[in-house]
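Trainee: I have a structure open and would like to learn how to read it. Could you walk me through it?

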Amino acid sequence: MSSVIETPFVLVTGGKGGVGKTTVAANLGVEMASAGKRVLIVDLDLGLANLNVLLGLDTPRTIEDALTGAVEPSACVVPGPAGVHLLPAGSGTERMGRLTGEQRERLVEVIAEVARDYDVVIGDSAAGVGPDVMAFASIADRVLVVTTPELAALTDAYGLIKALDQYGSRTEADIPTPEIVVNHASGIEEGEAVARKLKAICERFLARSPRQAGWLPRSAVVSRSANRQEPFAMRPRKALEHLCLRQIASRLQRLV
C-alpha cells in the first residue's frame with residue numbers, strides 16, 4: 001500500500017478468533033492513555049467490529065461513514081476510558097468485509113488524517129490471513145500476534161506469521177517480524193514456553209525470530225471486565241493482569 005500513517009502504528013492481530021486480540025488492543029490503549037499518551041484505537045475488524053462493545057461506547061458514526069464521505073473522519077471518533085479515543089467500524093456490514101484495493105487505500109488515508117492528533121495508533125484487525133490483515137501489517141511499525149497455549153491457536157498463529165512473511169516477499173513490503181503475546185497463560189512459565197515454541201518453529205521454517213512481547217493470565221477478572229464493558233486496565237494497578245499488561249505497554253512506549 002502506498003499510503004503511510006506517519007503516527008506510530010501498532011497492529012494487534014491473531015491467526016484464530018477468540019484468542020483475545022480485541023481485549024489486548026483495548027486494554028493496551030487504555031493503559032497507554034492512562035500514562036499520558038494520546039492514543040487512538042482503530043477497529044480494523046471492518047465487517048464484525050466490537051471494540052465499541054468492549055469499551056462500553058456508543059458509536060453513531062463509523063469508518064464507513066467517513067469512507068462514503070457522509071461525514072469528516074474526525075466526526076467518527078469517540079472518547080473512551082482514561083482518555084483513549086476510538087475510531088469505530090460497523091458490524092454486520094458485508095461490503096466493509098470485502099474492500100477493494102482502492103477502498104483500502106482510502107481507509108488508510110482516513111486513518112492517517114485522524115492520526116495526526118495522536119502519539120500512537122493501535123489497530124485491532126480481523127483474525128486470519130485475509131487481504132485487510134496483510135495490507136495493514138505492511139504499513140505497521142509493530143505487529144503483535146496474539147495466541148493462547150491451545151494447539152489450534154498456536155498452529156494458526158504460525159500460519160499467520162508465515163502468510164505475513166510470504167506477503168512481504170511477494171510485494172516487497174517491509175513487514176516487521178511479529179511479536180508474540182500469549183494470552184490465557186497459567187503463569188509466566190507457560191507464557192514463555194509457548195512463545196519459545198512458536199519462535200523455534202518460525203526460526204526453523206521461516207528464518208524469522210519473533211520475540212515475546214509479553215503474556216496475560218487466564219483470569220476471571222478479565223472475563224468479568226469484558227462482560228461489564230469495562231477494560232481491566234481501569235482496575236487496581238497492582239493486580240497481576242495489570243502488571244502483565246504494563247510490561248507489554250512498556251515495549252511499545254519506545255515508539256512514542
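Trainee: Which helix holds Glu 31?
Mentor: Happy to start there. This is a predicted model, where local features need pLDDT of at least 70, side-chain atom pairs count only at pLDDT 80 or more, and totals for chains, interfaces and linings use all residues. Residues are numbered from 1 along each chain as its sequence is written, and side-chain values use heavy atoms, with hydrogens and water left out. Helices (H or I, at least four residues) and strands (E, at least two) are DSSP runs numbered from the N terminus, and the run of residues 21-34 that includes Glu 31 is helix H1.

Trainee: Is Glu 31 buried or exposed?
Mentor: Buried means under 20% relative accessible area, exposed means over 50%, and partly exposed lies in between (1.4 Å probe, protein chains only). Contact means heavy atoms within 4.5 Å, and beyond its neighbours within four places in sequence, Glu 31 is in contact with residues including Ala 233, Arg 237 and His 242. The relative accessible area of Glu 31 is 4%, so this residue is buried.

Trainee: Which strand holds Asp 124, and what is its relative accessibility?
Mentor: Residues 120-125 form strand E5, and Asp 124 is found there. Leaving aside neighbours within four places in sequence, Asp 124 is in contact with Val 12, Lys 21 and Leu 51, among others. Asp 124 counts as buried. So the names and value you want are strand E5 and 0%.

Trainee: How far apart in space are Leu 51 and Arg 208, C-alpha to C-alpha?
Mentor: Leu 51 lies in helix H2, residues 51-55, and is buried with a relative accessible area of 0%. Not counting residues up to four places away in sequence, Leu 51 touches several residues, including Thr 22, Leu 86 and Asp 124. Arg 208 is 157 residues from Leu 51 in sequence, and the spatial separation is 31 Å.

Trainee: What is phi of Ala 82, about how many degrees?
Mentor: Look in the loop between strand E3 (78-79) and strand E4 (85-87), where Ala 82 is found. Ala 82 is partly exposed, at 33% relative accessible area. Although Ala 82 is not a glycine, its phi is positive, at about 65 degrees.

Trainee: Where does His 184 lie?
Mentor: His 184 is a residue other than glycine with a positive phi, near 60 degrees. With a relative accessible area of 27%, His 184 is partly exposed. His 184 lies within residues 179-185, which form strand E7.

Trainee: How many disulfides does the structure hold?
Mentor: A disulfide is a covalent bond between the sulfur atoms of two cysteines; here a pair counts when those sulfur atoms are within 2.5 Å. Cys 76 is buried, with a relative accessible area of 1%, and Cys 202 is buried at 0%. The number of disulfides is zero.

Trainee: How many helices and strands are there in the protein, and what is its radius of gyration?
Mentor: The protein has nine helices and eight strands. The radius of gyration is taken over C-alpha atoms, and the globule rule is 2.2 Å times the number of residues to the power 0.38. That rule gives 18 Å for 256 residues, and the protein comes close to this, so it is as compact as a globular protein of that length, with a radius of gyration of 17 Å.
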